[in-house]
Number of protein chains: 2
Amino acid sequence: MADLGRRARKAARRLGLATTDEKNAALRAMAACIRERAPEILKANRDDVAEAQSRHQSASFIDRLALDPARLDTIAAAVEDIAALPDPVGRTLSRFERPNGLVIERVATPLGVIGVIFESRPNVTADAGALCLKAGNAAILRAGSDSFRTSSLIAEAMREGLERSGLPSDAICLVPTRDRAAVGAMLAGLDGHIDVIVPRGGKSLVARVQHDARVPVFAHLEGLCHVFVHKHSDLTMARNIVVNAKMRRTGVCGSAETLLVDRACADTHLKPLIATLIDSGCSVRGDDSAQSADARVTAATEEDWRTEYLDAIIAVRVVDDLDAAIAHIETFGSHHTDCIVTDDSTAAKRFLTEVDSAIVLHNASTQFADGGEFGFGAEIGIATGRMHARGPVGVEQLTSFKYRVHGSGQTRP
Amino acid sequence: MADLGRRARKAARRLGLATTDEKNAALRAMAACIRERAPEILKANRDDVAEAQSRHQSASFIDRLALDPARLDTIAAAVEDIAALPDPVGRTLSRFERPNGLVIERVATPLGVIGVIFESRPNVTADAGALCLKAGNAAILRAGSDSFRTSSLIAEAMREGLERSGLPSDAICLVPTRDRAAVGAMLAGLDGHIDVIVPRGGKSLVARVQHDARVPVFAHLEGLCHVFVHKHSDLTMARNIVVNAKMRRTGVCGSAETLLVDRACADTHLKPLIATLIDSGCSVRGDDSAQSADARVTAATEEDWRTEYLDAIIAVRVVDDLDAAIAHIETFGSHHTDCIVTDDSTAAKRFLTEVDSAIVLHNASTQFADGGEFGFGAEIGIATGRMHARGPVGVEQLTSFKYRVHGSGQTRP
């Protein structure tokens with residue numbers, strides 16, 4: 001593992017100086033190699049799937065793991081899409097001139113070596129590797145043991161693409177073992193050879209990484225997202241947003257888990273909101289008011305306010321006012337994504353200012369919490385930390401910066 | 001200590017929503033309180049100094065610790081200067097509109113609670129506390145035990161200023177004990193109540209903090225800064241920059257520790273550069289070429305290339321070319337601040353691009369590595385990390401950000 005870190009660091013140094021054309025050519029070659037090696041990759045994937053089935057993994061687990069020609073083509077196309085993104089390295093982030101004539105530029109640079117630890121989805125090998133590369137970084141990828149064969153071959157194809165285009169193949173390193181000790185070594189930073197860790201997977205993986213990592217982590221533990229329907233809101237808009245926020249896809253981190261309804265509009269809004277949710281196939285757990293509004297609502301306990309269901313279940317609570325909504329979100333939320341539905345711009349401004357979450361929305365679904373929807377092209381994940389990367393982590397967030405100072409012989413008095 | 005964390009977190013929440021006027025009024029009131037309580041503070045400082053003398057601390061140590069009316073006034077004035085800086089919170093860092101009409105703004109927010117661990121300089125209490133406050137953060141300050149009495153009273157004055165202006169006094173918390181276990185609790189993050197640690201002090205303090213902290217750290221361990229004199233350089237400019245970079249102040253992190261001279265100009269430049277340094281009172285340790293150029297040069301070993309002297313000593317080495325200079329800096333440097341002196345813009349561009357340091361300069365002294373010199377108004381330190389804060393850490397770097405999304409009822413397809 002230490003050797004892997006040294007090789008990745010060396011590759012990162014070369015990658016950091018690669019031109020946009022070099023990186024994009026490499027990404028296109030990587031996609032081509034994935035396509036060329038499709039038969040091999042699909043064969044390895046069948047073996048992974050067979051093993052997972054023999055271990056009686058769930059149908060949804062198998063679905064995340066399994067590839068077919070169309071899915072593999074989508075993986076290759078995603079790498080090409082990343083090639084088409086603007087290069088985040090070398091951007092001048094700010095520029096200022098000092099009275100003594102010094103011109104100071106803040107310029108984006110790569111982060112270095114990014115460790116990605118993921119579970120069963122083999123597409124992460126390509127997505128994460130390509131995003132890291134686009135930002136001039138080397139990636140050390142640790143695949144879940146269930147997708148090890150598939151991920152190994154995808155990584156091989158990407159390394160071949162790098163070689164073909166003259167960049168070091170060690171810019172994409174897959175940890176060559178299923179041994180779990182490798183994860184510990186990565187979390188310890190591989191002797192300073194990993195600059196940041198990105199976990200991609202379920203809550204237990206993220207919790208372990210956040211707890212044990214000795215290097216920065218870009219991640220969110222939970223997406224306990226709220227929609228607050230304010231007293232001055234249009235019922236139709238509120239209904240559309242609430243149903244979309246909860247039900248469009250229930251398993252994503254941006255799906256809403258709690259609906260807060262302003263007491264001042266509960267008489268008019270609560271019953272139709274609950275009815276629409278239930279009619280959409282959602283189970284509703286609610287406080288006394290919600291239960292009174294619709295007999296199909298079951299009783300919520302405080303635990304429900306703390307629960308990320310990731311399923312067709314929502315907790316509904318009536319709150320006294322905007323302040324109470326903000327206080328509820330501060331107490332029970334996960335600082336991921338929260339929404340207010342209101343026609344009152346003053347209330348919206350207060351909510352957007354005072355709710356301390358990575359993403360705060362006014363009159364739009366929480367399911368927009370996504371790098372693609374933000375126009376970032378692709379994302380390696382969503383972060384709820386307060387340092388460096390927050391919200392969707394796209395290629396720009398995979399960069400650091402340096403100051404370049406241009407002088408003409410200045411010395412400091 | 002846990003209670004301290006909770007109180008600071010609560011204060012941070014209020015501070016994060018404070019207006020610019022509220023924060024500036026508080027800073028001015030803090031400065032006024034420091035001035036009003038000058039007799040008390042100076043008395044406490046005399047006690048601290050007496051104790052340090054009884055422990056036979058060095059003259060330079062006592063000098064860092066000791067205050068007089070003029071120094072205390074400078075401390076208060078520095079707090080007023082911070083009040084005059086632009087508010088970094090609420091700045092729109094970027095704004096983009098999506099095809100679906102969503103308007104997404106990235107807006108600066110405070111970081112939260114900042115832990116500052118420092119040694120003997122009591123002015124850090126005021127400087128660091130004021131910088132954190134300006135950026136809407138609460139600060140938990142841990143003073144060195146030698147300056148404990150002085151720092152306690154300065155912190156008291158600042159808390160009084162906060163109270164007078166209606167902001168929570170817990171926005172500035174001084175750890176109320178000299179017990180060293182408090183540092184360990186801070187490095188563990190005080191149960192999630194510290195978001196980032198800033199160590200202010202010598203290398204052993206920074207090393208301990210970097211090694212033990214479980215939260216992000218803004219710091220540099222060493223400033224092993226280089227000046228590379230390229231073959232196409234003006235000797236007079238090179239001489240001015242080298243002497244200033246080394247000798248203006250030898251104890252600061254931006255002082256040069258190694259001079260690299262291009263072999264192609266060694267015949268003309270090496271001897272006068274060394275002579276000027278020695279004439280300025282600097283000891284020179286050099287490789288064979290440097291020793292041949294001037295008999296007063298003593299032999300350098302590889303250890304010298306790795307040494308941050310923080311003193312009137314410099315290591316001099318002749319390198320084959322630009323590539324060798326970059327390789328030397330990559331091998332022995334600390335990614336802090338490095339300079340090239342050259343008239344060749346292509347060589348300058350390569351150096352500024354390829355040297356992987358927080359600050360890279362062309363034709364200017366490394367002693368410009370300073371937040372004030374960068375126009376940041378003041379700095380809490382200089383960081384060499386690759387995440388979030390790099391280079392001088394001013395009020396802007398003490399902020400985080402959030403995404404505010406403005407919709408009109410959009411749902412995600």
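Author: In this predicted model, Leu361(A) has Val405(B), in S16(B), as its bridge partner. Two strands pair if DSSP finds at least two bridges between them; strands (E, at least two residues) and helices (H or I, at least four) are DSSP runs, numbered from the N terminus. Here, five bridges join S13(A) to S16(B), residues 399–410, and the two run parallel.

Reader: How many residues of each chain are in contact?

Author: Contact means heavy atoms within 4.5 Å. By that rule, 71 residues of chain A meet 71 residues of chain B.

Reader: What area is buried between chain A and chain B?

Author: Buried area is the accessible area (1.4 Å probe) that two parts lose on being put together, summed over both. The value is about 5800 Å², with 51% given by carbon and sulfur atoms. Met387(A), Tyr403(A) and Arg412(A) supply 15% of the area that chain A buries against chain B, more than any other three residues.

Reader: How many salt bridges does the rule find across the interface?

Author: A salt bridge places a side-chain nitrogen of Lys or Arg within 4 Å of a carboxyl oxygen of Asp or Glu. The rule finds four between chain A and chain B. In one salt bridge, Arg412(A) meets Glu373(B) at 3.3 Å, N to O.

Reader: On what conventions do these values rest?

Author: Residues are numbered from 1 along each chain as its sequence is written, and chains are lettered from A and ligands numbered from 1 in the order written. Local features need pLDDT of at least 70 and side-chain atom pairs 80 or more, while totals for chains, interfaces and linings use all residues; side-chain values use heavy atoms, without hydrogens and water.
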